Amino acid sequence: MIVLYGAQAAFGLPQVSPYVSKTEIQLKMAGLAYEARDAMPEESPKGQIPFIDDGEVRVADSTFIRMHLERTYGVDFDEG
Ligand SMILES: N[C@@H](CCC(=O)N[C@@H](CS)C(=O)NCC(=O)O)C(=O)O
């Protein structure tokens with residue numbers, strides 16, 4: 001299962017980082033199972049959240065995560 005690393009809920013939002021929200025919505029749109037965990041940016045290969053673990057692969061940056069999901073799972077987020 002994909003693990004999505006992001007920030008906590010804050011300011012009445014379920015997720016305080018817009019980039020993490022973007023990735024989480026894309027995971028939902030793709031219908032992929034995932035687990036969300038809190039992480040600090042320093043834990044990311046690029047020093048920022050979000051990043052994901054997909055099996056043995058770790059991908060950082062919401063744009064690269066999107067590309068990974070499209071390539072790995074055949075998702076087209078621009079469809080329709
Ligand atoms: N280009 C990155 C931007 C991610 C980003 O700016 N994340 C912020 C949180 S919203 C962050 O981790 N900031 C911590 C830092 O830059 O030290 C992406 O699209 O994932």
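H68 counts as buried because its relative accessibility is 15%, where buried means under 20% relative accessible area, exposed over 50%, and partly exposed in between, with a 1.4 Å probe and protein chains only. This is a predicted model, in which local features need pLDDT of at least 70 and side-chain atom pairs count only at pLDDT 80 or more, while totals for chains, interfaces and linings use all residues. Residues are numbered from 1 along each chain as its sequence is written, and side-chain values use heavy atoms, with hydrogens and water left out.

H68 sits in helix α2, residues 62-73; helices (H or I, at least four residues) and strands (E, at least two) are DSSP runs, numbered from the N terminus. Neighbours within four places in sequence aside, H68 is in contact (heavy atoms within 4.5 Å) with I52, D54, V57, V59 and Y73. The side chains of H68 and D54 are also joined by a polar contact of 2.8 Å, the term being used for a pair of N or O atoms within 3.5 Å, of which, within protein, one must be able to donate a hydrogen and the other to accept it, and residues adjacent in sequence count only if both atoms are side-chain atoms.

Strand β3 (residues 51-54) runs antiparallel to strand β4 (residues 57-60), and four bridges join them, where two strands pair if DSSP finds at least two bridges between them. Within this pairing D53 stands opposite R58 in β4, and the two strands form a hairpin with two residues between them, G55 in the turn having a positive phi of about 65°.

In the loop between β4 and α2 lies D61, which has a positive phi of about 85° although it is not a glycine. D61 counts as partly exposed because its relative accessibility is 29%.

Which residues are around the ligand? They are S17, P18, Y19, P41, G47, Q48, I49, P50, D61 and S62, each having a heavy atom within 4 Å of it. A polar side-chain atom of D61 lies 3.0 Å from a nitrogen atom of the ligand, whereas an oxygen atom of the ligand is 3.0 Å from an N or O atom in the side chain of Q48, and a polar side-chain atom of S62 lies 2.6 Å from an oxygen atom of the ligand.
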